[in-house]
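Visitor: I've never looked at this one before. Could you walk me through a few of its features?
Guide: Happy to. Let's bring it up.

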Amino acid sequence: MSSACPKENGICDLRSFLKVLEEQRQLHVIKKEVALEYEIGDVLVALERKGLGAALFENVRGHNIPVVGGVLGSQERIALALGCEKSEVVDRVASCFENPIPPVEVDWGYFDEVVATGDEVDLGSLPIPRHARGDAGPFITAGVTVSKDPETGVQNLSFQRMQVKGKNRLGIMINEWRHLKGFLDKAESRHEPLPIAVAIGVDPVISIAAGFRYDGDEAELAGALRGKPLEVKKCFTSDIRVPSRTEILIEGIILPGEREEEGPLAEFTGHYGEPWKNPVVKVTAIARRKAPIYQTLAGASYEHINLGNVLPREPLLKKFCTYVSKNVKAVHIPPYGSGFLAIISMDKKNPGEPKNVALAAMMTYVNIKHVIVVDPDVDIFDAGQVMWALSTRVKPERDVFYVPYAQGHELDPSADHRGVHTKVGIDATLEDDLKAYYKKVVYQDVDIEKYL
Ligand SMILES: Cc1cc2nc3c(=O)[nH]c(=O)nc-3n(C[C@H](O)[C@H](O)[C@H](O)COP(=O)(O)O)c2cc1C
Ligand SMILES: [Mn+2]
């Protein structure tokens, strides 16, 4: 068994990433006892909103398995996961679609150490938190669903929230246009169960890849992001291949034709969703390391939005905007905008150019509702600087435009039940004629630790 991280490769699993985060002071190891219900969620979100790091909770009441969360809650930690600078994240992510690397099969997994099947299966043995006060119960939120097309055999990675409903029973939400929905439709048309596996505690590039929409096996994208093939191993109760460097593996079948109430859960919009009639998973095996780490993420956290709305969408946003103008310098979908806001920086050469770029951004994804275009002297990762540009450089009657009754997202509270909303473009660049008079005040950045 070859379980150690290869030396040449800094990150190959969750633990090697946690080591990098710890070295970069982006991980808080919390020894104080915490409750699974609400407390872990409260702490994760408090750390995230204060710009602090991820958290590893070593002492979880009633369990001897530690819980980690928030690992991809900031642009800094995403850059560390990808081994690049913050400003390079969009291009790094975009590049994996150009050169996908297929996975390789191995005959070992971290999770081989303790395997429970049949009646031994007990989801209560895992520290599955209930994060937000309006959540219907404990949910697996950071598990990567691995599934297989019953006709073509092509595998798929995705995120599906799963609500704990019993020792071996989970509710699963599968939205309309997901690949997993297509697989389940095929299985159900033959009245057959659909096997799935849930990988909990993985290399962050696997989580990032699972958030992408890709007409192939997202494991190829994880390989491309890591620069080497992802090692996968056959499951115990099905022939699905799962990442071998996984802390905890849940195997199960989606029961054909069964639907049960599931949810609500804190949504990426920062609001709660509604309960839905959703499919049900019967858990057939739980396999894990002897001393595993359970990975979670809080619903409606920046981590949730980064994985679902920021990383998968910025590459196309950049492509559309730079197609319209080569003067576009950078694009960002900030997590605090729930995926509904896009910020573009550009060095405009024509006074009308920012509006064309804003229109291009609006067309990238239906979710994008507000587009703000700023000058290159504004740091698009700093919300305060963007608000400053809005406050000082915008003449509304000239710089703000609406696209009324456009298609948006139905979970946007300002949209109607079909998702129809009004899009807003704002040119927050300084008028050319004023550039000679209004220079931005800039102080030199210092290493503040030297002074404190
Ligand atoms: C944290 C997180 C939770 C998500 N929860 C769900 C979910 O419960 N159901 C769902 O269908 N999609 C959910 N999504 C979105 C899908 O996982 C995502 O769109 C994925 O790319 C779909 O994969 P596919 O294109 O292979 O179908 C979630 C995304 C994230 C990042
Ligand atoms: Mn897919």
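Visitor: Which charged end sits over the ring of Tyr110?
Guide: The charged end of Arg289 does, 4.0 Å from the ring's centre. A charge sits over a ring if NZ of Lys or CZ of Arg is within 6 Å of the ring centre and within 35 degrees of the ring normal. Arg313 is placed like that too, over the ring of Tyr365 and 4.9 Å from its centre.

Visitor: What should I know before reading on?
Guide: This is a predicted model, where local features need pLDDT of at least 70, side-chain atom pairs count only at pLDDT 80 or more, and totals for chains, interfaces and linings use all residues. Residues are numbered from 1 along each chain as its sequence is written, chains are lettered from A and ligands numbered from 1 in the order in which they are written, and side-chain values use heavy atoms, with hydrogens and water left out.

Visitor: How many aromatic pairs are there?
Guide: A pair of aromatic rings is described by the distance of the centres and the angle of the planes. Rings of Phe, Tyr and Trp (its six-membered ring) pair if their centres lie within 6.5 Å; planes under 30 degrees apart count as stacked, over 60 as edge-to-face and the rest as tilted. Searching the whole structure turns up five aromatic pairs. Take Phe97 and Tyr214: the centres are 6.1 Å apart and the planes are at 65°, so this pair is edge-to-face. Phe97 is in the loop between helix H4 (89-95) and strand E4 (104-105), and Tyr214 is in the loop between helix H6 (204-210) and helix H7 (219-226), so the pair ties together parts 117 residues apart in sequence. Helices (H or I, at least four residues) and strands (E, at least two) are DSSP runs, numbered from the N terminus. Ring pairs also bring in Phe212, giving a cluster of Phe97, Phe212 and Tyr214.

Visitor: Which residues of H3 are buried?
Guide: They are Gln75, Arg77, Ile78, Ala79, Ala81 and Leu82. That makes six of the eight residues of helix H3 (residues 75-82), so the helix is largely enclosed by the rest of the structure. Just after H3 comes Gly83, with a positive phi of about 65°.

Visitor: How many salt bridges does the count give?
Guide: Side chains of opposite charge can pair when their charged atoms come close. A salt bridge is a side-chain nitrogen of Lys or Arg within 4 Å of a carboxyl oxygen of Asp or Glu, and the count comes to 35. One of them joins Asp91 and Lys318 (3.1 Å, N to O). Asp91 is in helix H4 and Lys318 in helix H9 (residues 314-324), 227 residues apart.

Visitor: What does Arg241 form a salt bridge with?
Guide: Its partner is Glu105, with the closest N and O atoms 3.1 Å apart. Arg241 is in strand E13 (residues 241-243) and Glu105 in strand E4, so the pair ties together parts 136 residues apart in sequence.

Visitor: Are Asp375 and Arg393 buried or exposed?
Guide: Both are buried, and they form a salt bridge whose closest N and O atoms are 2.9 Å apart. Elsewhere, salt bridges with shared partners join Asp149, Glu151, Lys186, Arg190 and Glu192 into one network.

Notes
Buried < 20%, exposed > 50% of the residue type's maximum accessible area, 1.4 Å probe, protein only.
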